[in-house]
Amino acid sequence: MEIYYKDGTFPRYCETVRKSLDANQFNRFAQLTSNEDRFRFVNGLRSIVDELRLKREYNGKGMEQATALKTLGNKAFQAERWNDALVFYNKCYVATPKENVQEKSIILANRSAALYHLEKYDLALRDIQRALAHQYPKQMMYKLTERKARCYLAKKDYEAALECFKATVTALDDANLPLERRQKLERDAQIMINLLPTNIEMEKKSKKKSSSKTVDHAIGQAAKTPEHFVEKALWFDETPDEGRFARTSADLKPNTILLLERPHVSTLLEDYSLDHCTHCFKRVSVPIACPLCADVIFCSDECEAKANSSYHKYECGFLHILWGSGASITCHMALRMITQKSEEYFMKLKPELGELTNEQIDKLPIDDYRKVYKLVTHESTRSPEDFFQRTLMATLLNTCLTLGGYGSSPQEENFIGGLLVHNLQLLQFNAHEVSEIIRDTPDDIGKSTFIGGGLYPTLALFNHSCDPGVTRYYRGNQVCVRTVKNIAADSMVAENYGPLFTQVRREERQATLQNQYRFTCQCVPCMENWPLFTEMDPTAIRFRCDGGKICSNVLIIPAEINEFMVKCTECGEHTNIMKGLKSVQDTDMLFKAATRLHTAGEYEAALRKYVEMMETMSEVLVPPYRDYHLCQQGLRACMLEFGNRYTKAVAKK
């Protein structure tokens, strides 16, 4: 990941500042050996701060705009176009300024009405509570209490519904309504008050009869996805050539979950900042707005509180500067690695940075900065120009920090600035793109779309292979890593950094990896120069020699063969070809069944068929082999269905 895109203000700023330095100044910079010294030097050039001319701006909020959107929402609501009304109310809510508290309460109440008609009762109840917290007018309170009662009624929470209908009768005392309208609302509420005690008694009796089912349901609810999980067979080795990398101490089967991990830091791309929660990356249909800016949204009060108590209070009002500068998402992540903790936190860590052993680092929690500090940066191979660009970007990020009220003394500023330069280096080689499958229609195969970036401390330790043993997908910003083939004990467990051998030729793969990650790939497909998928010979079958562990020879046999046994030229053992051909026939049937289940949306069942197919093939066949890689492709496609996915056509209904 580069630090900036061509479109934006930063490339021009970088060029202007670079030209302003004479040869002696740049040579002095090139001789510096620490990131803190580099930052101190560049930040000390007064032209830097003068050239930036940054200021905090809260864009996108205003009552004129909000009122216009509210009017459109009301018209859609009156026409019973509930989805359209929800869209306009969402935009109105995000655009309403913080100080217009009562107006915000009314739009939240309006949105709760749209949600009620869309049968999204829990979300409607959430908006009702938020409207009450925003000084909803007392004379209109009956609307909320009555709607709240109807939501609970739809949820069959009769006790809560009864209390809300009683509250409605009381709230009508403050309502400025015509007598006839008020009397009708009182009669309707009183009817429910008289009826609901019977429903409550019936519900209690029903609950007693189904108590065992309730226990089972509770057990199911308790089995939530863990925040962090590492397969016990996974461990991390280290060699001079390969650095730290994942190994397995036991045989791993396909479809084994190896890792569930929350990011140390993650940020959304600008294009998805108003579709997804900026904190957890969950796609949001009913947003919680930032009180000050209209640049981000949240999925819940919890996410909003976490963001505004840490990183967003410093980034708020500056995101338009980052996006407009052309800074890449790694720059935003480099900044957030700082803003999600206090300056006191980093100053306290200063003596320990780089001093911990790998064993100590592995025991640290995900959000500990020391957990990621020692990730590879390739600092020793960087050019002065590279350092200058990254340091200059750090001055832009630091200016946002300073204007946002982060940091105080020059000593702290230079240390934090040096960390920003360090972050920009390590993120280049360790950050991952967070994706979502986006479909235009339910029948569309979908496209894996880059929506944001994340730094995953454990995942960052996995090395690359052009024939990876795992695939990864995302649930919000949590990454899940699963195996897509059998991996023998004591083997490396590798993921993929981009090019697969089935799609890209060796020369191009190795050039890409060398350019982006600064290593020459020596995985098996590269060393043996495996063919592209389209070039694999379908008429030849690659059998495993029955000589077992003492012989690794591959027997390449024509698909049409009349012999039962074939002698290995390496070990002299005979291999039963008929047994292998029978396995190939079995896998063909399994593949058809798996594909059918996958198409029907039965992903777990499809995965089981693909796993059975993979294990059957692994006993007798050796990759590269077309059916083997088709099976892997099927495994990956099924697994992606458990991650972030969105269908546009469904959302419009």
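The side chains of Lys55 and Glu57 form a salt bridge, with N and O 3.6 Å apart; the term denotes a side-chain nitrogen of Lys or Arg within 4 Å of a carboxyl oxygen of Asp or Glu. Lys55 is exposed at a relative accessible area of 54%, whereas Glu57 is partly exposed at 26%. Here buried means under 20% relative accessible area, exposed over 50%, and partly exposed in between, with a 1.4 Å probe and protein chains only.

The model is predicted: local features need pLDDT of at least 70, side-chain atom pairs count only at pLDDT 80 or more, and totals for chains, interfaces and linings use all residues. Residues are numbered from 1 along each chain as its sequence is written, and side-chain values use heavy atoms, with hydrogens and water left out.

**Salt bridges**

The count of salt bridges comes to 33.

| Pair | N to O distance | Relative accessible area |
|---|---|---|
| Lys55 and Glu57 | 3.6 Å | Lys55 54%; Glu57 26% |
| Arg336 and Glu315 | 2.8 Å | Arg336 2%; Glu315 1% |
| Asp386 and Arg390 | 3.0 Å | Asp386 17%; Arg390 3% |

Arg336 and Glu315 meet in a salt bridge. Arg336 belongs to helix 16 (residues 329-339) and Glu315 to helix 14 (residues 312-315), so the pair ties together parts 21 residues apart in sequence. Helices (H or I, at least four residues) and strands (E, at least two) are DSSP runs, numbered from the N terminus. Arg336 is buried, and Glu315 is buried as well.

Asp386 and Arg390 both lie in helix 20 (residues 384-403), four residues apart, about one turn of the helix. Asp386 counts as buried, as does Arg390. Elsewhere, Glu36, Asp37 and Arg40 are linked in a network of salt bridges.

**Helix packing**

Helix 3 (residues 35-43) packs against helix 21 (residues 410-430) at an angle of about 110°, with the axes 7 Å apart. Axes are lines fitted to C-alpha atoms, for helices over the stretch in contact, and angles run from 0 to 180 degrees between N-to-C directions. Helix 3 is thus roughly perpendicular to helix 21; angles under 35 degrees count as roughly parallel, over 145 as roughly antiparallel, 65 to 115 as roughly perpendicular and the rest as oblique. The crossing of these two helices is right-handed; a crossing is left-handed if the near helix is turned anticlockwise from the far one by less than a right angle, and right-handed if clockwise.

The axes of helix 25 (residues 603-620) and helix 26 (residues 626-640) come within 9 Å and cross at roughly 155°. Helix 25 and helix 26 are therefore roughly antiparallel, and their crossing is left-handed.

**Backbone features**

Pro624 is found in the loop between helix 25 and helix 26, and a cis peptide bond with omega of about 5° joins Pro623 and Pro624. Glu119, although not a glycine, has a positive phi of about 65°. Glu119 is placed in the loop between helix 7 (101-117) and helix 8 (121-133) and is exposed at 59% relative accessibility. Phe281 likewise has a positive phi, near 75°. Phe281 sits in the loop between strand 5 (265-268) and strand 6 (288-289) and is buried at 1% relative accessibility.
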